[in-house]
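Student: I have a structure open and want to learn how to read it. Where do we start?
Tutor: Let us look at it together, one feature at a time.

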Amino acid sequence: MAGESVQGLELGSVPTVNTGSTTSAAPTIHAPGLDDLPLQPDLEQWRRLAAARANALPWPLPTDEAWRRTDPRLFELDSMPVHARLSRRTELHEHPWDSFFDAVVELDGHGWAVRDRSGVVDPARLWIAPLEEVLRKDPALGSNFTGLSWPEVPWERHEWTALAHTTAALVVWVAPAQRFERGVFIRIRRPEGSLYCPWVLVRVEHLSVLHLVLSVEGRGDARYVENLWWSVGAAGQLRLARLQFGEGAASMQYLRGRVERDASLDLVSAQLGERAVRSNLAVDLAGPGAQARLGGAALVTGERHLDQRTLQVHSAADTTSDLRFKVAVQDQGRSVYRGTVAALRGAVRISGYQRNNNLLLSPGARADSLPGLRIDADDLTCTHGATVGQIDPDELFYLRARGIPEAQARRLILEGFFEEITSRVAMPDLREGLRRTLEQDLSA
Amino acid sequence: MNIAPLLEIEQLHAGVAGKEILRGLDLQIYPGEIHALMGPNGSGKSTLSNVLMGHPAYEVTHGTIRFLGRNLLELPPEERARAGLFLAFQYPVAIPGVTVARFMKAAVEAVRGREQVRAAALLHEMRETARWLEMEESFLNRAINEGFSGGEKKRMEIFQMLLLRPRLIVLDETDSGLDVDALKIVARGVHRALGPDTGVLLITHYERILNHIPPHKVHILLEGRIVKSGGPELVAEIERRGYDWLRESAAATS
Ligand SMILES: Nc1ncnc2c1ncn2[C@@H]1O[C@H](COP(=O)(O)OP(=O)(O)OP(=O)(O)O)[C@@H](O)[C@H]1O
Ligand SMILES: [Mg+2]
């Protein structure tokens, strides 16, 4: 189990390359995770325990190493009232993308609703239901989500707080050997003025394929804390696109997931909104042959602050991960990226790749990048790299020399910068939609 | 008959990074003329092409450039292109993630005017032009110059030139690094772009291309000045004697 082998990893926030040596003597801050608090059918009791966990942890201080570049005061959760628990309702807003999907789930300030567009939503095929209901009918399902804990991404007080105060907890479960290529669209329209904490748990059983798109939008200030967990069973495939829009809120995202034997995760994350964002992504390649492709496109404008953390954990042999996070920063925007590729003992013949490219579009823009490796296995290939740069004046000149005005030339170069990520969005209409959104944001 | 020159350069002084490279250059190109510009490495040929196109890193300290009667130095690069100036770069840059088709659509719309361009017709024209230059159609969907071989990059410059239909074509060593067949294709492309109203400034080190595109006039650039102009016979003389004899006579006259 990943939770055990990870004990041997060295903790420390400075990126290090550590080949071979035993590091179990290193100081360990053990943040309790789900291993010692497994999900249980009595979810109310579980929530009380989660709240106790939250209260036992301090709020971070600006002097904490993990928060040195991102002021934790941006994410003070108790400055807003907790949003009421959502109940189910029947009506759903229309959205132009709805027609691309088998099923649409909507969460807003008033409730949550599902529309089964293809007649596939069914507890035996594609089960979309509240976590309480799922755990009551199938208590074992909760065990898919244990073990999502690593020292690099300690469970934070915000995270436990969100779990304790969940606005809605929904499960998307795909039965074995099912294919949902059109898949599920989860649209979250977060309200203004509250602490709003959705929790989405995705389980793709063996040999199944699920395409899932989650998008968040909203206006005005709010505290938004999302927990998004997934677990992909043997030879299963999860294609996940997470699109963050919205303006004005402080948004925290905790994405934790596991990919089992010969299964794959293909994630595209787009960060295009909100005032302050802290996103945590941790992926465990838990079974031999597991693969993860992780793409990120982010645009930080105005005075926005974006802090992204990623962890690729190779806990099994013959696993592959490929992460490319691209960030463009404009105006007084600020981006922080910190990533780790960890190869646990015994994870031989793995290939881990991690790259973070930052493009600064204005003199006041800033980006910090801290890529890192932590290696306790042999016989592997791990590569990581980061760049922070500006638009190449020769590229700009080349386009202008062909008659393209400067502003348009800059936009084209930026589009090209993101193309590596946007081209990976599987659905053509969604891909075009994302390109157009980026373009609009760029020309704004 | 009184024909106005396409390009008129007078006493041009220009440099980069605080260093003067062009030191009093004069040149006139009339419609229908092909001018060859030769000169040793570092004499300022690419500096001239960059200054003509308006590269922001290059500074003009003295002199004038008129193109089709307009003061070229007042125009940003994109307006120079729209006025009909085309530079085939000596070292074309790659632009990751921007396909040739996307790039050329933006360029053609900018140069010909958006109303004049129909997407389907333009795509057809791009395909036809690529085929004519013996390029794979798949080039249209590749990122500009990314992973292109040296020769493919040069051919891509000619492709762009044909689509943009310029009045003055500056070819900065487009012939360098081309195999025999590619050179013929490039020359064919230039001939196709030529017309009675078009002019060419062909920067080269080699006689080879001039056999395919015979120049009306040949200029020798040395240390930022045109030290000798003549007919095609000058090319053979350079091939035979190199540039040193010109250095001596240039030193004697300055
Ligand atoms: N950005 C720059 N900074 C400093 N010096 C430069 C810069 N660009 C050009 N130069 C210098 O200006 C001089 C002229 O360069 P240029 O590229 O115009 O020569 P060229 O005649 O085109 O040579 P070649 O035949 O090798 O292409 C050279 O000495 C070169 O090093
Ligand atoms: Mg040159």
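Tutor: Start with a definition: a polar contact is a pair of N or O atoms within 3.5 Å. Keep in mind that this is a predicted model.

Student: How far is the polar side-chain atom of B:K19 from an oxygen atom of ligand 1?
Tutor: The distance is 3.2 Å. B:G42 uses a polar backbone atom instead, 2.9 Å from an oxygen atom of ligand 1. B:Q90 brings an N or O atom of its side chain to 3.0 Å from a ligand 1 oxygen. The protein covers 65% of the 640 Å² of accessible area that ligand 1 has on its own.

Student: How many residues surround ligand 1?
Tutor: There are 16, and the closest are B:G42, B:K45, B:S46, B:T47 and B:H205. Sorted by class, the shell has five nonpolar, eight polar and three charged residues.

Student: Which element gives the most to that shell?
Tutor: Helix 1 of chain B, with three residues. Strand 2 (19–29) of chain B also supplies at least two.

Student: Now the metal. Which residues coordinate the magnesium ion?
Tutor: B:S46, through OG, and B:Q90, through OE1, at 2.0 to 2.1 Å. B:S46 sits in helix 1 (residues 45–53), and B:Q90 in the loop between strand 6 (85–88) and helix 3 (100–112) of chain B, so the pair ties together parts 44 residues apart in sequence.

Student: Is B:Q90 buried or exposed?
Tutor: Buried, because its relative accessible area is 15% and the cut-off for buried is under 20%. B:S46 has 21%, so this residue counts as partly exposed.

Student: What about charged side chains?
Tutor: Side chains of opposite charge can pair when their charged atoms come close. This structure holds 60 salt bridges over all chains.

Student: Where do A:K137 and A:E133 lie?
Tutor: Both are in helix 3 (residues 131–137) of chain A, four residues apart, about one turn of the helix. A:K137 is exposed at 56% relative accessible area, whereas A:E133 is partly exposed at 23%.

Student: Which salt bridge links distant parts of a chain?
Tutor: Take B:R165 and B:E125, whose side chains meet at 3.4 Å, N to O. B:R165 is in the loop between helix 5 (150–164) and strand 7 (168–172), and B:E125 is in helix 4 (residues 119–132) of chain B, 40 residues apart. B:R165 is exposed, at 53% relative accessibility.

How values were computed: Residues are numbered from 1 along each chain as its sequence is written. Chains are lettered from A and ligands numbered from 1 in the order in which they are written. This is a predicted model: local features need pLDDT of at least 70, side-chain atom pairs count only at pLDDT 80 or more; totals for chains, interfaces and linings use all residues. Side-chain values use heavy atoms; hydrogens and water are left out. Donors are N, O and S atoms within 2.8 Å of the metal (3.2 Å for Na, K and Ca); water is not among the atoms, so sites may look incomplete. Buried means under 20% relative accessible area, exposed over 50%, partly exposed in between (1.4 Å probe, protein chains only). A residue is near a molecule or strand if one of its heavy atoms lies within 4 Å of it. A polar contact is a pair of N or O atoms within 3.5 Å; within protein, one must be able to donate a hydrogen and the other to accept it, and residues adjacent in sequence count only if both atoms are side-chain atoms. Accessible areas come from the Shrake-Rupley method with a 1.4 Å probe; for residues, only the protein chains shown count as cover. Ala, Val, Leu, Ile, Met, Phe, Trp, Tyr, Cys and Pro count as nonpolar, Asp, Glu, Lys and Arg as charged, and the others, Gly among them, as polar. A salt bridge is a side-chain nitrogen of Lys or Arg within 4 Å of a carboxyl oxygen of Asp or Glu.
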